[in-house]
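Hello,

I am handing over the structure we talked about, and I would be glad if you could look through it when you have a moment. My notes come after it.

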Amino acid sequence: MKLVDNKATLSFSNGSPSMELPVYGGSIGPDVIDIRKLYGQTGLFTYDPGFLSTASCQSAITYIDGDKGELLYRGYPIEQLATQCDYLDTCYLLLNGDLPGAQERQDFHKLVINHTMVHEQMQFFLRGFRRDAHPMAVLTGLIGALSAFYHDSTDINNPEHRKVAAIRLIGKMPTLVAMAYKYGVGQPYMYPRNDLSYAGNFLRMMFGTPCEEYVVNPVLERALDRIFILHADHEQNASTSTVRLCGSSGTNPFAAIAAGVACLWGPAHGGANEACLNMLEDIQRNGGVAKVGEFMEKVKDKNSGVKLMGFGHRVYKNYDPRAKLMQETCNEVLGELGLENDPLFKLAKELEKIALEDNYFVSRKLYPNVDFYSGIVQRAIGIPVNLFTGIFALARTVGWIAQLNEMISDPEYKIGRPRQLFTGASRRDVQPLAQR
């Protein structure tokens, strides 16, 4: 972060003295106005609901240019990472700042894979949940409980503890997600295997049984790995900000990540692809492809209350770069599984066609986003809709950890403490009961 030549001047129409505010520039992207001394010098706060114009931190991890439709992890375009690297390469990059060399890659992959097993008592902890509990409710509890099983890596201010916790979380998340799924369907848990890839191991733990050998389909393995890469980090979104805010109190890494999982559960964030598939199933029940045009007309009517899920994005004002990559993967998976003519997928393709051609949606840049395609891919693979957000949490764990580590290492970091514009009652006295 460096000072730029120009400064901002804040002036007041009531005659109060104006105030000069320093401006800092990053390597790319918008400059920021430093308002840290604003309250001390003026007695005023800024007001920015949703933090739409507020930079809460300085970060060197992920950069988004919503107007250009650009996403960079540590400077590398997401398109290159998704086609030339695997998920664990991306994890190494996010954690360490650069891609691994050959030996570093081998060592990191082995380290993570060797930490995929979880404490045996975790399965007894699972039994406390109802079988029909939402997987995100289960995962929030399981991940928070990791701090009760791994006491030797809970000091967030100890760099070695954070490193150990990072490897444990990345390694164990696929196992925990698969266990939550298996528990819900009443099947035995599958122990991880160290001779499989990260994504291949997850597929086996999800869909394998002790009855027969599970053979990993390389197309599905590659598709799942790409989903993980595309969701690994996404700048200062709601769940990442939650992890940073939670971690700023000094709580342990497992608790901070559990807070991120809880935030991700919301339908406006990680639950978006689940909401998208639910929307498709609703359309299918109400007439399918024949009713798509009628549905899209309702979407255009602001008074109808009908929302189009899986299209458009709060950050991207252009085509979501992740969606382009996921669209390719979607077509590959449907082709591999022979599902091109599945009624629900044909319905999704018709929605996609209208959104890309109808001027109403094109002019508003309501393009299909990554949630639209990833939801279709996951359903095709066999992942139940209520587990979609769990897959998202699995992938995003490394981003949360990288952001948490960066915050703790920042000499300017302080416990998060937003302020407010108070609109409640001013000071008043309690009246005796008889006079109220």
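Below is what turned up, going from helix packing to sheets and then to salt bridges.

Please keep in mind that this is a predicted model, in which local features need pLDDT of at least 70 and side-chain atom pairs count only at pLDDT 80 or more, while totals for chains, interfaces and linings use all residues. Residues are numbered from 1 along each chain as its sequence is written, and side-chain values use heavy atoms, with hydrogens and water left out.

Let me start with the helices. Helix H6 (residues 135–149) packs against helix H11 (residues 253–264) at an angle of about 170 degrees, and their axes are 7 Å apart. Axes are lines fitted to C-alpha atoms, for helices over the stretch in contact, and angles between N-to-C directions run from 0 to 180 degrees.

Which residues of H6 meet H11? From H6 they are Met 136, Leu 139, Thr 140, Ile 143, Gly 144, Leu 146 and Ser 147, and across from them in H11 are Phe 254, Ile 257, Ala 258, Val 261, Ala 262 and Leu 264; contact means heavy atoms within 4.5 Å. The residues of this contact divide into 10 nonpolar, 3 polar and no charged (Ala, Val, Leu, Ile, Met, Phe, Trp, Tyr, Cys and Pro count as nonpolar, Asp, Glu, Lys and Arg as charged, and the others, Gly among them, as polar).

Now to the sheets, where two strands pair if DSSP finds at least two bridges between them. E1 pairs with strand E4 (residues 23–25) over 2 bridges, and Leu 3 stands opposite Tyr 24 in E4.

Another open sheet of 3 strands runs E6-E7-E8, also with antiparallel pairing. Here strand E6 (62–65) and strand E8 (76–77) are the edges; each has a single partner strand, so one side of each is left without a neighbour in the sheet. Strand E7 (residues 70–73) is joined to E8 by 2 bridges, with Tyr 73 opposite Tyr 76 in E8.

Finally, the salt bridges: the whole structure has 21, each a side-chain nitrogen of Lys or Arg within 4 Å of a carboxyl oxygen of Asp or Glu.

- Glu 20 pairs with Lys 7, with the closest N and O atoms 3.8 Å apart. Glu 20 is in strand E3 (residues 19–21) and Lys 7 in the loop between E1 and strand E2 (8–10), so the bridge ties together parts 13 residues apart in sequence.
- Glu 328 and Arg 226 meet at 3.5 Å, N to O. This pair links distant parts of the chain, helix H14 (residues 321–337) and helix H9 (residues 218–230), 102 residues apart. Arg 226 is buried at 12% relative accessibility, whereas Glu 328 is partly exposed at 42% (buried means under 20% relative accessible area, exposed over 50%, partly exposed in between, with a 1.4 Å probe and protein chains only).
- Asp 34, Arg 36 and Glu 412 are linked in a salt-bridge network.

Best wishes

Terms used
Helix = DSSP H or I, 4+ residues; strand = E, 2+ residues; numbered from the N terminus.
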